[in-house]
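Student: I would like to learn how to read individual features in a model like this one. Could we go through a few of them together, one at a time?

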Amino acid sequence: MVNAGDMNGSGNLMDFLDEPFPDVGTYEDFHTIDWLREKSRDTDRHRKITSKSKESIWEFIKSLLDAWSGWVVMLLIGLLAGTLAGVIDLAVDWMTDLKEGVCLSAFWYSHEQCCWTSNETTFDDRDKCPQWQKWSELLVSQSEGASAYILNYFLYIIWALCFAFLAVSLVRVFAPYACGSGIPEIKTILSGFIIRGYLGKWTLLIKTVTLVLVVSSGLSLGKEGPLVHVACCCGNFFSSLFSKYSKNEGKRREVLSAAAAAGVSVAFGAPIGGVLFSLEEVSYYFPLKTLWRSFFAALVAAFTLRSINPFGNSRLVLFYVEYHTPWYMAELFPFILLGVFGGLWGTLFIRCNIAWCRRRKTTRLGKYPVLEVIVITAITAIIAYPNPYTRRSTSELISELFNDCGALESSQLCDYINDPNMTRPVDDIPDRPAGPGVYTAMWQLALALVFKIVITIFTFGMKIPSGLFIPSMAVGAMAGRMVGIGVEQLAYHHHDWIIFRNWCRPGADCVTPGLYAMVGAAACLGGVTRMTVSLVVIMFELTGGLEYIVPLMAAAVTSKWVADAFGKEGIYEAHIHLNGYPFLDVKDEFTHRTLATDVMRPRRGEAPLSVLTQDSMTVEDVETLIKETDYNGFPVVVSKDSERLIGFAQRRELILAIKNARQRQDGVVSNSIVYFTEDPPELPPNSPHPLKLRRILNLSPFTVTDHTPMETVVDIFRKLGLRQCLVTRSGRLLGIITKKDVLRHMAQMANQDPESIMFN
């Protein structure tokens, strides 16, 4: 080897780090990415590919493949997400019916599919056919009576407990990250946080299987939120196949934003709503290119789901409605009242659920997740079975509540007293007085509403996949349907009142209770999630009720205003804060008059800032500094005396660089000088080889002066996605502000516990 005294001869050896080495540029678990650095790396990669493409035909083809890789990933995400959603829908349909009975002709058929194939089904008894038998008919050959009811009741509970126990066991053993909704963590990941394994293959598999089990168990939860997590797992899997995305965390998040759109697209059959949901609710960085790709992924996913046709009605929408009556201006008042109810319910739910989840985290309750799931499932099944509106699946319940009462409807909600002399078209039935079935349905719905409100608070957040969209919509739909029936009967019996006189004549079809259910569902979902634009679009795509956009908008805006009056956080932001994730919400306003010097570290009385010098520290010094501190990186200065800033070195890359240098370069020992300058320092003869680490140095770290207002600093962190920012005065380094420091300061200013922010 050449002596370090011969600087010219040793230059090639010392510059080996100008070649990339394994794992450089990657991040540790539970750390935030550096968006500016990822953007810069992608620009360099793109520039290199463009220049190489002019060298040969093969390089040109490779550049085309690179350009098209994004669209290929979107196609694959859409196909897989759509397929999984279709399979989940079919499996849930079958397993939900399995709790009540079995199809003798083909056990894998659901109740509806079983009776489709029967030739002995009459229109009046379309839910009954010889091929479908309840468990009491199969086991004791009785379909009526107390013993048959008790046996069916008992087996309903047993099936529910089996499904729930299997689900929580699978999550606990194979994929702990498969629990919950997934949307709070997806939002955090898209903001630049790393949670390794959260979007892994095991999580995808277990979440898909357990989602079917928990929805089939009859618990008060939905599959829509978890489907966003499933779609993002698909996005993560396919992006790992292309180096363009696997080696750049910023680009990977563009793919995940599009995957979230595909998830909502298949959850609700709402491709446009999915794109808007990703833009409004989950994405942190959403360039125009991602908008187009999200649209394409949502389109492919919706097309795939439509091809599978899980609902058997050749429609993509879940709750297709076809109302024949326009809405009237006077009805805006009850619509706004439903919006107020949605806002109050959202506030109540968020506060109670967060209090319960905090109790779960801080007490012994959290140590028994399996027991908690079993107890909640048992309570749900025992209370739900006697009431026909809670016994059926929540999606079926919402579908029935949304339905208009046509001449062919057999539901209790449509048990009106008909005029025998009526000769009107089938689709234009006038308002009629309510029959005994409607009154029975009203008190059953009232009981179901109270039950749903209470049980959902305890169900959301357990160690199983649990979505919130469908339970929230069910609460709103029940309240809305009851209000709708009330307004309808008021209009029928008091059509001479001034508010009804102008638009509701006797014998006219004035009020549609199903529309009130739809508006109530939108209001409650908006109150819990604080969505507005995407919510309205999802609702009209979900139902096909395009002409009812104004009532939906009125209810959504009212519910948001009312809920925001009690607290700005939606349920997902509340869970992010509960878990201590470093999420800097774009919607939060910072109006305090503090300065960067008030937040930066070190503060008065603290140890001085840990720094590296450009050419006077040894390998041993650097390793000791890394060992004694847990900082993510270190500023590099000219010298300890001058403290003139040179750049910033990441902790992980320092560790990897020194490890690689020891393995690949002879002569690098503990007392080798580490230098970050272009030229090596003057060293005495016979000194060990110096180690050049300039390549891993960020020469343009983001800096602010000590008198920069924190309002500006917060804005910079939000819009540029920074991990840290250095504070200087006249070029001299004074301190550092990390994302955690910003979040803790914001929490402190809002009179919250700053120690709740646990990650950086």
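Student: In which helix is the place of Ile61?

Tutor: Bear in mind first that this is a predicted model. Ile61 has its place in helix α3, which is made up of residues 57-98.

Student: Is Ile61 buried or exposed, or something in between?

Tutor: Ile61 counts as partly exposed, because its relative accessibility is 34%. Ile61 also belongs to a nonpolar patch on the surface, together with Ile57, Trp58, Phe60, Leu64, Leu65, Trp68 and Val72, and these residues have about 850 Å² of accessible area together.

Student: How should I read a salt bridge, and how many salt bridges does the count come to?

Tutor: The general idea is that side chains of opposite charge can pair when their charged atoms come close. With a nitrogen-to-oxygen cut-off of 4 Å, the count here comes to 25 salt bridges. Some residues are joined in a network of salt bridges, as Asp42, Arg45 and Asp66 are.

Student: With which residue does Lys692 form a salt bridge?

Tutor: Lys692 pairs with Glu678, and the closest N and O atoms are 3.6 Å apart. This pair links distant parts of the chain, since Lys692 lies in strand β8 (residues 691-692) and Glu678 in the loop between β7 (673-675) and β8, 14 residues apart. Lys692 counts as buried because its relative accessibility is 6%.

Student: Which other partner does Glu678 have in a salt bridge?

Tutor: Glu678 forms a salt bridge with Arg694 as well, with the closest N and O atoms 3.0 Å apart. Here too distant parts of the chain are linked, for Glu678 is in the loop between β7 and β8 while Arg694 is in the loop between β8 and β9 (697-698), 16 residues apart. Arg694, at 22% relative accessibility, counts as partly exposed.

Student: Where in the chain are Asp706 and Arg729, whose side chains meet in a salt bridge?

Tutor: The two side chains meet at 2.6 Å, N to O. Asp706 sits in the loop between β10 (703-705) and α28 (710-720), whereas Arg729 is in strand β11 (residues 724-729), 23 residues apart. Asp706 counts as buried, because its relative accessibility is 4%, while Arg729, at 47%, counts as partly exposed.

Student: Which residues does the annotation "domain: CBS" cover?

Tutor: According to the unreviewed UniProt entry, this annotation covers residues 600-664 and 697-755. Over residues 600-664 the chain is 37% helix and 23% strand, with the end C-alpha atoms 39 Å apart; over residues 697-755 the chain is 37% helix and 31% strand, with the end C-alpha atoms 31 Å apart.

Note on methods
Residues numbered from 1 in each chain as written. Predicted model: local features only at pLDDT ≥ 70, side-chain atom pairs only at ≥ 80, totals over all residues. Heavy atoms only, no water. UniProt positions renumbered as here; feature names shortened; annotations may be inferred. Helix = DSSP H or I, 4+ residues; strand = E, 2+ residues; numbered from the N terminus. Buried < 20%, exposed > 50% of the residue type's maximum accessible area, 1.4 Å probe, protein only. Patch = residues over 30% accessible without salt bridge, like charges linked within 9 Å, V, L, I, M, F, W, Y side chains within 5 Å. Areas by Shrake-Rupley, 256 points an atom, 1.4 Å probe, with all protein chains shown as cover.
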